[in-house]
Each structure stands twice: as structure tokens, then as C-alpha cells.
Amino acid sequence: MSHLIETRTPARPKRPFFLRRGPMENVATVLIGLGFLMLFQPFLLVLYTYSLVTLLIGTVMFIIVSKFPG
């Protein structure tokens, strides 16, 4: 019984922010949403021009980050 009390659980390795799934999935989701907002706004042509790039970056980032360990 004392063996169970004295053994420690192994610590999870600390990963940098950019290698964790949760926070980076949130960043990718925000980029996708920002791309849609940029696409549907009628005022600035510059925002409309870069909306597709923003959508693609967010989508590719989400696909890659979803493979990271949680």
C-alpha cells in the first residue's frame, strides 16, 4: 500500500505554445473567422484581396495542428 502512495505519476512534458494543440487550434479558428469577415466586408479592397490567403493559412494551420498531441 505504501508503494502506491510513494510513487509519483510521471510528469507530462512541457511543450512550447506553438506545439500544443488547444491554443493553436484556437488561433487557426480565429484566422478562418477573420478570413470570412474579410471576404464579406464591402468597404476595403485590400481586406478582400487578402481574405483568401487568410482563409487558406487558417485552414492549413488547423489541419496540421489537429495532428499535434493534446
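Biologist: Which residues of helix 4 are buried?

Modeller: The buried residues of helix 4 are Ser51, Thr54, Leu55, Gly58, Met61 and Val65, where buried means under 20% relative accessible area, exposed over 50%, and partly exposed in between, with a 1.4 Å probe and protein chains only. This is a predicted model, in which local features need pLDDT of at least 70 and side-chain atom pairs count only at pLDDT 80 or more, whereas totals for chains, interfaces and linings use all residues. Residues are numbered from 1 along each chain as its sequence is written, and side-chain values use heavy atoms, with hydrogens and water left out.

Biologist: Why is Ser51 called buried?

Modeller: Ser51 has a relative accessible area of 2%, and the limit for buried is under 20%, so Ser51 is buried. Ser51 is found in helix 4, residues 51-65, a helix being a DSSP run of H or I of at least four residues, numbered from the N terminus. Leaving aside residues up to four places away in sequence, Ser51 touches Gly35, Met38 and Leu39, a contact meaning heavy atoms within 4.5 Å.

Biologist: What makes the length of helix 2 close to the expected value?

Modeller: Helix 2, residues 21-40, has 20 residues and reaches 29 Å from its first C-alpha to its last, close to the 28 Å expected, the expected span being 1.5 Å times one less than the number of residues. The buried residues of helix 2 are Met24, Ala28, Gly35 and Met38. Seen down the axis of helix 2, they fall within an arc of 85°, so they line one face, while Asn26, Val30, Leu37 and Phe40 are exposed on the other side. The buried residues of helix 2 pack against helix 3 (45-49) and helix 4.

Biologist: Why are Phe36 and Phe40 called stacked?

Modeller: Rings of Phe, Tyr and Trp (its six-membered ring) pair if their centres lie within 6.5 Å, and planes under 30 degrees apart count as stacked, over 60 as edge-to-face and the rest as tilted. By this rule the count comes to 1 aromatic pair. In that pair, Phe36 and Phe40 lie 6.2 Å centre to centre with 10° between the planes, and the pair is stacked. Both residues lie in helix 2, 4 residues apart, about one turn of the helix. At 40% relative accessibility Phe36 counts as partly exposed, whereas Phe40, at 63%, counts as exposed.

Biologist: What makes Gln41 count as buried?

Modeller: Gln41 lies in the loop between helix 2 and helix 3, and its relative accessibility is 17%, so Gln41 counts as buried. The side chain of Gln41 reaches the backbone nitrogen of Phe43 at 2.9 Å. Gln41 also touches Leu47 and Tyr48, not counting residues up to four places away in sequence.

Biologist: How many helices and strands are in the protein chain, and what share of its residues counts as buried?

Modeller: There are 4 helices and 0 strands, and of the 70 residues of the protein chain 16% count as buried.

Methods. Helix = DSSP H or I, 4+ residues; strand = E, 2+ residues; numbered from the N terminus. Arc of directions from axis to C-beta. Polar contact = N/O pair within 3.5 Å; in protein donor to acceptor, adjacent residues only side chain to side chain.
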